Amino acid sequence: MSRTLYDLIGLAAGIAFILALKGLSHPKTARRGNLIGAFGAGLATLVVFFYASPSVYGKAESSLPLNNLGWILGAIAVGLIIGVPAARRVQMTQMPQLVALFNGVGGGAAALVAIVEYLNLGSEATTAQVVFTVFTVIVGCVSFSGSIITFMKLQELMTSRPVIFPAGRFVIAATLASVIGVGGWVVSALGTTPLLILAALSLLFGVLFVLPVGGADVPIVISLLNAFTGLTVAASGYVLDSVLLIIAGTLVGASGTILTRLMADAMGRSLFGTLFGAFTAKAQDASGVAEDRPVRSGSADDVAILLNYARRVVIVPGFGLAVAQAQHTVRELADLMISKGIDVAYGIHPVAGRMPGHMNVLLAEANVPYDQLVEMDEVNPTFGQTDVAIVIGANDVVNPAAKTTPGCPIYGMPILEVSNAANIIFLKRSMRPGFAGIENELLYDPKTMLLFGDAKSSLTKVVSALKAL
Amino acid sequence: MDAMAILSIFVLSVFVGFEVVSKVSSTLHTPLMSGANAIHGVILVGAIIVADHSETNLELGLSLAAIVLATINMVGGFVVTDRMLEMFKGQKK
């Protein structure tokens, strides 16, 4: 295949990626956009097998069929065998950590590619090539280890709260400085040992960088690391003389940066505060302060009676709904209330659950009509006229501490103002605080009733109690 | 390739990347992140190129590991994004 044809196909794949991102930005075209992106990626991969790459990074020109073809195909097969079932079988609740993991392995792949390039960079390599290769090793490693930590946080293999260590800011700054210093050394010395030291330091930096981020901020960091990985792909494209990799990587880097900002805005957080807030906040631990204060807990019948005489009910879903897979049951309850003439809406916090839009996805699965899902800004003014707000497995997104307690991890995040409703019902598994790990004053409010238990079984009981009335 | 051409491609791609996602409802943040994540799986192309050029076992081993990881990233990413978006199809109004 001629270079011109190869580059033209690469350009087509690049256009497919632009259309994919464009499509993914609108609900109607999102699915088609994703398919266009997959098509572009498949096309780009296929065409490599029919093109003998020219001499790159100090290597001689290759010929067709590709060297090591069997190994290459075998490795792709292994990737398919691992990746496809993981993506197919994952529960909706575990989707966020899977995305984090996929991002991490992408960063790892970019770092490995750069390490192989580096091993071959001869004396004729330009300074720019060396710098871009070293850049890819650093950022790829940071993205890899950082994503693994976010995965562990979301999977609850480790605490999801911010991890703060003594002199944390200085340790992180010192690690970053040594990464940059060793990076400079690697660029000038071209040695394998310095490169390994650099990779190890970069992995360490990735871990330290993500550890202080906690709670609902984790998805923002995943998005940021996603943008990082994009940039490594662009840098690899420069070294490997591939326009497609430059376009694709830069697109992801740029759109990922914007997306990170949009996500931070949706939570009312500054990006800087998200990343380093844990160190500057006057760390205050609410645990132990209010553990044994009285709460009002009720039965499913109490809840049903309250609902039966309500005129307007707002359902506030959270991660607990996803864990319990209760989306169908909650719809059943909503339908039952509507049939009794009660005005029902779902109040959707943009970051309820573990990812922005998590609740929309979950409720859409249960075919909840779109017009019943009301976004935060629209639903908040209506809580004053709401008789009952049912909070199902949500905590941080309704926690008034976000408004009243400066310095707490979620301070400044817009919340659903359920406290304005006449009655509040919390469906919770236990008194444990939410993902951000802060006590919720609302639980002790006299107009709050708690119904303990798994969201699905609690809802089922409420539905049958309400039917019996 | 000529450095100026590459710089132009890079800068224009940055602008396109900024423009295409400037207004996205929060509902679509997660699928968009996941889709963009799948797109950078195209590093698979780079991994195949370095595997093709590998001469030592070390190089080949590292390249093949990169291919496995990149394939997981790319294919897994598109599949998982499609699964998320499938959930929206009942909402057409």
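Predicted model: local features only at pLDDT ≥ 70, side-chain atom pairs only at ≥ 80, totals over all residues.
**Annotated spans in chain B**
- The unreviewed UniProt entry puts the label "transmembrane region" on residues 32-51 and 58-80 of chain B.
- Residues 32-51 of chain B come out as 85% helix and 0% strand.
- From end to end, the C-alpha atoms of residues 32-51 of chain B are 31 Å apart.

**Where chains A and B meet**
- On the chain B side, 76 residues are in contact with 104 residues of chain A.
- About 8100 Å² is buried between chain B and chain A, and carbon and sulfur atoms give 76% of that area.
- In chain B, the residues that lose the most area to chain A are Met33(B), Asp52(B) and His53(B), which together make up 9% of what that side buries.

**A helix pair across the two chains**
- To describe two packed helices, you use the angle between their axes and the distance between the axes.
- From α1(A), the contact is made by Phe17(A), Ala20(A), Leu21(A) and Leu24(A).
- From α2(B), Pro31(B), Leu32(B), Gly35(B), Ala36(B) and Ile39(B) join in.
- Sort the residues in this contact of α1(A) with α2(B) by class and you get eight nonpolar, one polar and no charged.

**Salt bridges**
- Side chains of opposite charge can pair when their charged atoms come close.
- How many salt bridges turn up over all chains of the structure? A search of the whole structure finds eight.
- Across the interface of chain B and chain A, the rule finds one salt bridge.
- Arg31(A) and Asp82(B) meet through their side chains in a salt bridge, at 2.9 Å from N to O.
- Within chain A, the side chains of Arg3(A) and Asp7(A) also form a salt bridge, with an N to O distance of 3.0 Å.
- Both Arg3(A) and Asp7(A) sit in helix α1 of chain A, four residues apart, or about one turn of the helix.

Terms used:
Residues numbered from 1 in each chain as written. Chains lettered and ligands numbered in written order. Heavy atoms only, no water. Contact = heavy atoms within 4.5 Å. Helix = DSSP H or I, 4+ residues; strand = E, 2+ residues; numbered from the N terminus. Nonpolar A, V, L, I, M, F, W, Y, C, P; charged D, E, K, R; others polar. UniProt positions renumbered as here; feature names shortened; annotations may be inferred. Buried area = accessible area lost by both parts, 1.4 Å probe. Salt bridge = Lys/Arg side-chain N within 4 Å of Asp/Glu carboxyl O.
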